[in-house]
Amino acid sequence: MALNPNEDTEFNDALRKHGILPPRPPTPRSPSPPPAPTLEESAEGLTAEELRELGEDADDDTARMLEAIRRQRIAEMRRIEKAPYGRVYPIGRDDYTREVTEASKINHDGKPDGNGTGVVCFLYKDGIPRSDRAFEHVRVLAQRHPHTKFVSIVGDKCIPNLPDTRVPMFIVYRKGEVINQIVAWGADRERILEELEAVLILAGAIVPQQRLPTGEERSRQGGSSEEEEDTDDEPSSRMRSAGTRTNTRVGKNIRGPARKDEDSDSDFDL
């Protein structure tokens, strides 16, 4: 009868004891259970009213934490109500000066010497996959950062004979001037939302402190009619990002890979 060294028998144990068979491999440990969600994670997606109801049945420490989260949600909603934008505005070439150049001069904090408004002009073309994906990301970012104005225009309607190799393109304005230009976004590889967000922050279009929930996030939070003290400073008064300070004039293009079939890198005359 053939010996099966993997069997769990007394005979095999004796052979292992004398070194005739190798030791049995250790029994694999069962994976540790996932950690319990934090209070903040458990409260994700709850409305202000639902947070209030939870706090009524919780112990004092938990109730205080839930109340702090609830007040933060209400403050976010207040900031959203004050935000001047929050969506992508389609424009035509005739609208460009008013909706882009002039809009970037507006100081929503009311200060005559303010930093103006970051305006992102998105040039696209339907049917180009990287352009279609970028448009989806632009819609999300417009909701997430409603103090930045996002406008969209078909590329060759804005710049005649614009080659497809340069689409999608982002032209960033602030205080009436072009401060950055991003060409052929996603031409080298597929890009994710967070990459575009980071690039627009570095380009000076978005101020990180202005991060707000998207429409989908707000719909989960619900509204509140309570009067809560709004302690948030106006975001536009706190513009101190490195991108805004360093990109005060037209700099190098932030772009995808160099392509042999592209035109020169000189800025287009708008």
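**Close-up views of a predicted model**

View 1. Phe122 has a relative accessible area of 0% and is buried (under 20% relative accessible area, with exposed over 50% and partly exposed in between; 1.4 Å probe, protein chains only). Tyr124 is also classed as buried, at 14% relative accessibility. The model is predicted: local features need pLDDT of at least 70, side-chain atom pairs count only at pLDDT 80 or more, and totals for chains, interfaces and linings use all residues. Residues are numbered from 1 along each chain as its sequence is written, and side-chain values use heavy atoms, leaving out hydrogens and water.

**View 2. Aromatic pairs.** Rings of Phe, Tyr and Trp (its six-membered ring) pair if their centres lie within 6.5 Å; planes under 30 degrees apart are stacked, over 60 edge-to-face, and the rest tilted. This rule gives 6 aromatic pairs. One of them, Phe122 with Tyr124, is stacked, with 5.8 Å centre to centre and 15 degrees between the planes. Ring pairs join Phe122, Tyr124, Phe135 and Phe170 in a cluster.

**View 3. Arginine charges over rings.** The charged end of Arg139 sits over the ring of Phe135, 4.0 Å from its centre (NZ of Lys or CZ of Arg within 6 Å of the ring centre and within 35 degrees of the ring normal). Arg191 lies over the face of Trp185, 4.6 Å from the ring centre.

**View 4. Surroundings of Glu99.** The side chains of Glu99 and Arg98 are joined by a polar contact of 3.3 Å (a pair of N or O atoms within 3.5 Å; within protein, one must be able to donate a hydrogen and the other to accept it, and residues adjacent in sequence count only if both atoms are side-chain atoms). Neighbours within four places in sequence aside, Glu99 is in contact with Ile91, Val119, Lys149 and Val151 (heavy atoms within 4.5 Å).
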